[in-house]
Structure formats: C-alpha cells, structure tokens
Amino acid sequence: MRKILFGVLLGLIFSCSKKEPANPAFYYWRTQFKLSETEKKCLATNDVKQLFVRYFDVELRHGQPFPVAPIHFSHVVKGQQIIPVIFIKNEVFLSKSTDVADLTTKMLRLIHQINKVNHVAVKEIQLDCDWSLESRDAYMKFLTLIKKQSKLRVSVTIRLHQVKYFKETRVPPVDYGVLMFYNMGQLTAKGTNSIYDISIAKKYLYHLKDYPLKLSIALPIFSWYVHSRAGNVVQLISKLDKKTFENNVNFEVNGNTILVKHNVMFEGFYFQANDQLRLEEISKEALEEMSDLLSDKLSDKPEHILFYDLDYKNIKNYPNESFFKTIATDF
C-alpha cells in the first residue's frame with residue numbers, strides 16, 4: 001500500500017512540474033493587415049493565439065525620427081491577440097539630435113491611435129532594433145521609458161551577437177527577448193545560405209544558458225533570391241516562386257540557380273544578361289534541425305516560438321498543416 005501511495009505521489013510531483021509547451025506564434029510583416037483563407041487556416045490549425053504585427057518603422061528624416069508606412073487594418077482581427085511590433089533603424093539612436101523622451105511619447109501616441117481606430121486592445125508591445133555599442137545607452141534609456149510610460153508588457157528582438165557579448169551590448173530592461181535565429185551568415189553572390197548556417201549557429205549556442213533575460217525564439221520560414229551581377233550582390237528579391245521563371249525565354253533555371261539570358265524587366269525588377277539569381281530558403285528539415293539545436297541550450301523553456309513571417313507564399317512550403325505547432329511543441 002505504501003509503495004502504491006508513493007508511486008501516486010511521485011506521479012503527481014512530476015505531472016505538476018511538467019512544463020507547458022511553447023506557444024506557436026507568427027510575425028505579420030505587411031503594411032496592410034488582410035489575411036488570406038490559407039493564412040486563416042494556418043492560424044486555426046496550429047492553435048495560434050498571438051500575432052506579432054509590424055505597426056510601422058521609424059527612421060531618420062531630415063535628422064529627426066519619423067514613422068514610416070503605418071499599418072492599415074482591412075478587417076477586424078478575430079481569434080488572436082495582437083502584439084504591435086515597431087521596427088526602429090539603429091540610425092535613430094545613433095543620432096545626437098534624437099530626443100529619446102520625445103520619441104517615446106510620440107511612438108506610444110501613434111500606437112494608441114492605430115489601436116483606437118482599428119478597435120484593437122493590446123497587452124504588450126515589441127521593439128525591433130539591431131542596436132550597437134554606439135547606440136546602446138540611448139536605446140536602453142528609450143526602453144526604460146517605454147516600459148514605464150506604456151504600463152504594458154515590453155519585449156525586444158535580440159541578435160546572436162548581442163547574446164554572446166551581452167556584457168558589452170547590455171541586457172535590455174524589458175520583460176523578455178526574442179532571439180532572431182536567422183540572417184546569421186554572410187550574404188554573397190555564391191556561397192552558403194545566409195539565412196541559416198549551422199556552422200555559424202553552433203558558435204553562439206553555448207552562450208544562451210548564460211544570457212540573463214528570458215528568451216523566446218524566432219525562426220525563419222521565408223526565402224529570397226540573391227540577385228547578383230558580375231559576382232556582386234545587387235539586391236534581395238522575396239516571395240517570387242521558382243515556377244515564375246520557368247518556361248520563360250529570358251531565364252535558364254537550373255535547380256536553385258537562375259541565369260538571366262537577356263536584358264529584361266520582369267515582375268517589377270530589371271535584369272541584365274548574365275545576371276544570376278540564387279535561391280536561399282529554409283526547408284522543413286532545417287527548421288527541425290534548428291529546434292534540436294536550441295531546445296536543450298536555453299536556460300528556460302521559451303514562451304513563444306515565432307515564425308517569420310505569416311504569408312501564404314511562405315507557409316505553402318510546409319505541407320503538413322500542423323507543422324508549426326509541432327515545432328513549437330518540440331521545445
């Protein structure tokens with residue numbers, strides 16, 4: 001009888017201590033909020049409760065911070081909690097003319113206006129800025145003011161180098177960070193995938209358990225073509241399907257590489273003869289590999305596993321409808 005009671009008690013202890021799986025979430029990075037049926041189905045199938053929606057960018061205009069391309073909601077959001085994300089160029093905090101207190105007030109005012117017009121209630125805001133040592137102090141002051149004045153939960157994006165050198169780059173004074181686990185390689189005309197490079201990733205992983213701020217994880221589901229000319233990168237072209245180039249006399253498709261055969265304007269882009277396009281994408285296997293790499297390297301289980309970004313052109317590359325929930329559960 002004692003053995004049975006002990007077994008029951010042990011089972012209760014372990015069941016109570018079992019951690020909840022991470023929540024799957026998505027970034028929405030378009031200037032118009034309008035979900036396609038495919039995107040709605042993806043959110044429902046993967047039990048997504050949070051959408052991290054880009055509200056506007058902030059850059060310098062005539063030496064002063066200025067909001068760029070604020071989002072427009074085409075319909076009311078149903079089923080997901082909206083978290084506004086503000087992308088701020090590092091130049092804003094590098095500028096000596098930036099009044100951080102004024103920026104805080106104006107930014108919170110614009111967020112409030114967007115929420116009010118679109119009947120959106122928020123509990124959190126996220127700031128996305130790849131700050132540097134030179135902009136560090138201004139950015140940290142800004143985050144302190146945002147946290148105090150907004151009275152909301154505040155999160156920030158974190159890059160791998162900011163984790164490794166956190167004693168120099170400082171730890172943001174916010175509720176949690178989101179580690180951007182992508183764009184880690186060198187962007188070149190020829191070479192490895194700059195979105196995800198396992199050899200580079202491994203160099204940073206052992207620093208994660210030492211990072212003193214709780215982290216969620218952002219994983220890439222996007223792809224792009226690296227457009228190069230004479231060995232130099234011209235631009236990145238996102239969300240163009242390879243099928244777009246097939247059976248077109250101006251292009252020669254060879255696996256993930258496309259050779260431009262004639263000078264041509266195509267899909268809004270100008271290409272010269274002998275230009276090359278090299279596809280960089282993230283496979284299902286690569287995402288599973290990222291999950292395996294990260295899952296035992298974090299000091300705490302992440303609250304969110306975010307996927308960048310929600311777009312039918314991205315999610316169609318992952319045929320398993322509940323794939324994103326499965327990845328999040330693996331953490």
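**Salt bridges and an antiparallel sheet**

Glu-59 and Lys-89 form a salt bridge in which the closest N and O atoms lie 3.5 Å apart, a salt bridge being a side-chain nitrogen of Lys or Arg within 4 Å of a carboxyl oxygen of Asp or Glu. The pair links distant parts of the chain, 30 residues apart: Glu-59 belongs to strand S3 (residues 50-61), and Lys-89 to the loop between strand S6 (81-88) and helix H3 (90-94). Helices (H or I, at least four residues) and strands (E, at least two) are DSSP runs numbered from the N terminus. The model is predicted, with pLDDT of at least 70 required for local features and 80 or more for side-chain atom pairs, whereas totals for chains, interfaces and linings use all residues. Residues are numbered from 1 along each chain as its sequence is written, and side-chain values use heavy atoms, without hydrogens and water.

Glu-59 counts as buried at 15% relative accessibility, and Lys-89 as partly exposed at 34% (buried, under 20% relative accessible area; exposed, over 50%; partly exposed, in between; 1.4 Å probe, protein chains only). The structure holds 22 salt bridges. In one of them, Lys-239 meets Asp-311 with the closest N and O atoms 3.1 Å apart. Both residues belong to a salt-bridge network that also includes Arg-30, Glu-39 and Asp-309.

An open sheet of five strands has the order S12-S11-S17-S14-S13 with antiparallel pairing, where pairing requires at least two DSSP bridges between two strands. Strands S12 (232-238) and S13 (251-254) stand at the edges, each with a single partner strand, so one side of each has no neighbour in the sheet. Four bridges join S13 to the antiparallel strand S14 (residues 257-260).
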